[in-house]
Amino acid sequence: MKTVNEKAWFLVLPVLLLVAFSAVIPLMTVVNYSVQDSFGNNQFFWAGLLWFEEMLASDRMWNALGRQLVFSAIILAIEIPLGILVALNMPQKGFWSSFCLVAMSLPLLIPWNVVGTIWQIFGRVDIGLLGYTLDALGLDYNYTQDSLDAWITVVVMDVWHWTSLVALLAYAGLRSIPDAYYQAAKIDQASRWAVFRYIELPKMAGVLMIAILLRFMDSFMIYTEPFVLTGGGPGNATTFLSIDLVKMALGQFDLGPAAAFSLMYFLVILLISWVFYTIMTNLDARDAK
Amino acid sequence: MTDTVSAPGAGTIPGDVAPAKPQAKSRKRFRPNGSAIVMTIYLLFLLVPIYWLLNMSLKTNTEILGTFSLWPRNLTLANYETILTDPAWYTGYINSITYVTMNVVITLAVALPAAYAFSRYTFTGDKHLFFWLLTNRMAPPAVFALPFFQLYSSVGLFDTHIAVALAHCLFNVPLAVWILEGFMRGVPKEIDETAYIDGYSFSRFFIRIFMPLIASGIGVAAFFAFMFSWVELLLSRTLTSVDAKPIAATMTRTVGASGIDWGVLAAAGVLTIVPGALVIWFVRNYIAKGFALGRV
């Protein structure tokens with residue numbers, strides 16, 4: 001169906017050069033650092049796999065990875081069903097449909113540190129509506145002192161920030177279902193659940209995979225929002241992988257271990273994303289038949 | 001069609017799909033209200049924190065710290081005045097908008113031909129190249145922060161708008177290629193062939209005929225490039241110090257010796273929401289369509 005044309009490489013060339021400049025060169029720098037040791041002064045010594053062994057043996061990375069996996073799992077478990085629920089209940093046309101679309105897109109376009117700032121203010125016991133209300137209700141809530149509160153706040157913040165993306169994707173998937181499907185279901189006297197399970201869910205599968213992929217990738221890279229909100233604290237309770245990495249690379253300037261950390265981090269995310277991507281392209285191919 | 005068949009789209013409202021039994025009728029009356037309740041709760045959840053920020057930006061610091069009120073008692077615009085009259089503040093907005101615009105232009109300029117190649121031709125290594133591009137969307141910016149800093153410093157681009165614009169291409173170009181490829185696949189190949197037979201050159205065909213056909217796709221790609229470049233902070237903060245400092249980084253200025261200037265911080269936050277809100281307003285009718293066709 002598609003023509004074989006090697007000249008198409010020329011069309012891809014600008015992208016290739018640009019991404020090579022901004023991805024391959026920096027990545028090679030990281031690889032370089034990961035196998036060398038430095039005592040300052042730009043003098044480097046071959047260190048082999050020392051840093052990788054050190055990082056694999058350190059609790060610090062495993063703890064951050066554990067927190068990260070738990071966080072991403074919670075995020076997916078809340079945002080995907082909630083996003084579907086919201087999409088199913090969105091108005092279909094008219095003023096309210098536009099209003100919902102605009103209001104729901106709003107959190108997506110707020111700079112990430114401002115998202116952190118909003119929740120930092122909102123959750124404060126002295127000046128924030130949420131913190132003040134919880135305090136007035138007699139709950140002992142303080143996200144800067146209590147790790148559980150900090151976790152809840154970070155999760156709620158992320159749900160606030162990103163559920164709309166899932167909802168908009170699911171909504172788009174729902175809109176693409178032809179009316180005939182619903183009419184057929186009506187003739188068969190299908191229950192509401194059956195309509196969802198056998199018509200809407202399969203038809204949304206494609207966009208939902210994209211939503212899961214995007215939400216997994218982005219929650220796995222989360223940095224700015226929790227950094228502004230909790231700074232990784234209290235203690236290390238909300239220190240996710242990126243926060244830990246930036247602390248190590250730019251804060252302590254431990255280039256070798258940080259580079260080894262980076263590479264392993266990237267590989268984990270790449271591996272899981274590849275699995276999602278493969279499932280997704282298979283779904284695409286199945287739909288095309 | 002009979003009159004019992006529901007209107008397009010109404011099928012997702014449960015009551016209309018259910019069989020027309022007596023008890024189903026009584027359910028029908030309540031279900032739309034159920035949707036309204038879910039949506040109201042969800043929108044309140046989304047908008048209340050934003051309202052709180054707006055509320056604080058219209059108060060003086062004494063009122064913020066002294067009294068707790070749901071709306072400003074002494075409405076003041078002093079916080080906004082501070083930002084809009086101080087060059088150290090408002091240049092932050094100019095810087096952000098400058099590099100975001102540059103990024104959108106560069107992204108579209110390189111992604112359009114590449115997406116065309118992926119959607120129309122088979123060539124050696126195309127699938128691998130496509131996945132490799134996507135891996136860059138998956139790369140955590142934290143991994144790239146330090147090497148970017150060194151790379152752009154060594155070529156003398158540190159603290160320039162173009163440095164941030166190029167750095168953001170890392171995740172925006174793969175995304176744009178992905179979106180545009182989806183849209184271009186929907187355009188029949190016969191159009192290309194007819195144009196070539198009519199004697200159009202590739203560049204003339206691409207600009208005069210093909211681009212108008214996928215205009216909505218270009219719009220969606222531009223929207224997402226704008227969005228991700230506008231909200232990103234880690235890279236833009238690492239790559240700038242003074243001349244190209246983004247507004248989001250400028251906001252740390254509010255932390256002074258006497259504590260945090262909450263009013264100005266809130267006002268600056270509100271002002272960062274405005275450009276995004278404007279963009280959404282213009283593309284509101286294309287958002288759902290874009291999501292559906294363009295795979296995001």
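Q: How do you know which residues and chains the names refer to?
A: Residues are numbered from 1 along each chain as its sequence is written, chains are lettered from A and ligands numbered from 1 in the order in which they are written. In this predicted model local features need pLDDT of at least 70 and side-chain atom pairs count only at pLDDT 80 or more, while totals for chains, interfaces and linings use all residues, and side-chain values use heavy atoms, with hydrogens and water left out.

Q: Why is the pairing of Asp218(A) with Arg137(B) called a salt bridge?
A: A salt bridge is a side-chain nitrogen of Lys or Arg within 4 Å of a carboxyl oxygen of Asp or Glu. The closest N and O atoms of Asp218(A) and Arg137(B) are 3.2 Å apart, so the pair meets the definition. The count between chain B and chain A is 1 salt bridge, and the whole structure has 8 salt bridges over all chains.

Q: What makes Glu79(A) and Arg215(A) a salt bridge, and where in the chain do they lie?
A: Their side chains meet at 2.8 Å, N to O, which is within the 4 Å limit, so the name applies. The pair links distant parts of the chain, 136 residues apart: Glu79(A) is in helix 3 (residues 59-89) and Arg215(A) is in helix 9, both of chain A. Helices here are DSSP runs (H or I, at least four residues), as strands are (E, at least two), numbered from the N terminus.

Q: How do you know how many residues of chain A and chain B are in contact?
A: Contact means heavy atoms within 4.5 Å. By that test, 107 residues of chain B are in contact with 108 residues of chain A.

Q: What is meant by the area that chain B and chain A bury between them?
A: Buried area is the accessible area (1.4 Å probe) that two parts lose on being put together, summed over both. For chain B and chain A this is about 9700 Å², with 77% of it on carbon and sulfur atoms.

Q: Why is a space called a cavity and not a pocket?
A: The test uses a 1 Å grid over the protein atoms alone: a cavity is a set of points where a 1.4 Å probe fits but cannot get out, whereas a pocket is an open set with protein on both sides within 12 Å along at least five of seven lines. Lining residues have an atom within 4 Å of a point. Grid points are joined across faces, edges and corners, and a volume is the space filled by probe spheres set on the points. A search of the whole structure finds 6 cavities of 30 Å³ or more.

Q: What makes up the lining of the largest cavity?
A: The largest cavity holds about 270 Å³ of space. Of its 19 lining residues, the closest to the centre are Trp112(A), Asp218(A), Met221(A), Pro141(B) and Glu232(B). Helix 9 of chain A gives the largest share, 3 residues. The lining divides into 10 nonpolar, 3 polar and 6 charged residues; Ala, Val, Leu, Ile, Met, Phe, Trp, Tyr, Cys and Pro count as nonpolar, Asp, Glu, Lys and Arg as charged, and the others, Gly among them, as polar.

Q: How do you know how the lining of the second largest cavity divides by class?
A: This cavity has a volume of about 90 Å³, and its lining includes Val30(A), Ser262(A) and Leu146(B). Val and Leu count as nonpolar and Ser is among the others, so Ser262(A) is polar. The division is 11 nonpolar, 1 polar and no charged.

Q: What lines the second largest pocket?
A: The second largest pocket has a volume of about 290 Å³. It has 17 lining residues, and the closest to its centre are Asn113(A), Thr117(A), Val228(A), Met251(B) and Thr252(B). By class there are 10 nonpolar, 6 polar and 1 charged.

Q: What makes the phi of Gln189(A) and of Asp159(B) worth a remark?
A: Most residues other than glycine have a negative phi. Gln189(A) has a positive phi of about 55° and lies in the loop between helix 8 (179-187) and helix 9 of chain A. Asp159(B) has a positive phi of about 65° and is found in the loop between helix 7 and helix 8 (161-185) of chain B.
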